[in-house]
Amino acid sequence: MISTNVTRLLASRRIPFEAFELPPHKLGAIEAAHYLGVEPHLVYKTIVILPPAGAKPLLVVVPADREVDLKAVAAVLHLKKVHLATQRQAEELTGLQTGGISPLALLQRGFRVLLDSAAEQHQQIHISGGQIGLNIRLPVKALIELTGARLAPISSTASEDPPITAD
């Protein structure tokens, strides 16, 4: 059994979970889904979002096969605009490497968490375990309870290039 702060926390709270080891190099969420042999809509990625200056960054958790909808996130937060953190900003703000950012590893850091409402369709989802190479499958309800996550429709389908039309 893999033992980290996240797995010890889940075990101490008697939350059923399964930990999966991934390769030691950074995988994207879609790659992680393929490696785990699960559908990409069951693997969720954690994105650091920056509200206007002075406000605390937040964590947005969306399915691997979707993108964060920044306008939707801003609307949920009653803000005009929010921005994606750069990789460097995300790592500095969380103290975790991108590819290993997890709301479970940041419980004591005071981040607000927004979870895409698509998660409600599933009993369990996969999220990062707080370090590269660790993935956790746990009940959606447990994730919401532990993190205080707010559910909202905050993702959109991956953007595609517009069709080319002849004039």
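Is A152 buried or exposed? A152 is buried, at a relative accessible area of 5% (buried means under 20%, exposed over 50% and partly exposed in between, with a 1.4 Å probe and protein chains only). The model is predicted, so local features need pLDDT of at least 70 and side-chain atom pairs count only at pLDDT 80 or more, while totals for chains, interfaces and linings use all residues. Residues are numbered from 1 along each chain as its sequence is written, and side-chain values use heavy atoms, with hydrogens and water left out.

**Figure 1. Overview of the protein.**
The protein has 5 helices and 10 strands (DSSP runs numbered from the N terminus: helices are H or I with at least four residues, strands are E with at least two). Its radius of gyration is 16 Å, close to the 15 Å of the globule rule for 167 residues, so the protein is as compact as a globular protein of that length. That radius is taken over C-alpha atoms, and the globule rule is 2.2 Å times the number of residues to the power 0.38. The C-alpha trace spans about 60 × 40 × 30 Å along its principal axes. Of the 167 residues, 48% are buried. Among contacts with a separation of 6 or more, 65% come from residues 24 or more positions apart (contact means heavy atoms within 4.5 Å).

A152 lies in β9, which covers residues 150-152. Setting aside residues up to four places away in sequence, A152 touches V76, L115, D116 and S117. A118 is 34 residues from A152 along the chain, and the C-alpha atoms of the two are separated by 8.4 Å.

**Figure 2. Strand β6 and its partners.**
Strand β6 is mostly covered, with 4 of its 5 residues buried. It runs parallel to β3 (residues 58-63), and 4 bridges join the two (two strands pair if DSSP finds at least two bridges between them). In this pairing V113 of β6 is the bridge partner of L59. Strand β6 also runs parallel to β9, through 3 bridges, and L114 stands opposite R150 of β9.

In β2 (residues 44-50), 5 of the 7 residues are buried, and the strand is mostly covered. Strands β2 and β3 pair in the antiparallel sense over 6 bridges, with Y44 opposite P63 of β3. The pairing of β2 with β5 (residues 83-84) is also antiparallel and has 2 bridges; here L50 stands opposite H83.

Three strands form an open antiparallel sheet in the order β1-β8-β7. Its edge strands are β1 (18-21) and β7 (124-128), each of which pairs on one side only. Neighbouring strands are turned by 25 degrees against each other on average, direction ignored. Strand β8 (residues 134-139) is joined to β7 by 5 bridges, and Q124 stands opposite P139 of β8. Helix α5 (residues 140-147) packs on the sheet, touches β7 and β8, and makes about 100 degrees with the direction of β8 (axes are lines fitted to C-alpha atoms, for helices over the stretch in contact, and angles run from 0 to 180 degrees between N-to-C directions).

S155 is placed in β10 (residues 155-157) and is buried, with a relative accessible area of 11%. Its side chain makes a polar contact of 2.6 Å with the side chain of R66 and another of 2.9 Å with that of D116. A polar contact is a pair of N or O atoms within 3.5 Å; within protein, one must be able to donate a hydrogen and the other to accept it, and residues adjacent in sequence count only if both atoms are side-chain atoms. Beyond four places in sequence, the residues in contact with S155 also include V62, P63, E67, V68 and D69.

**Figure 3. T98 in the loop between α4 and β6.**
T98 sits in the loop between α4 (87-94) and β6 (112-116). T98 is buried, at a relative accessible area of 12%. Polar contacts join its side chain to that of K26 at 3.1 Å and to that of Q87 at 3.5 Å. Among the residues that T98 touches, not counting those up to four places away in sequence, are A90, E91 and I132.
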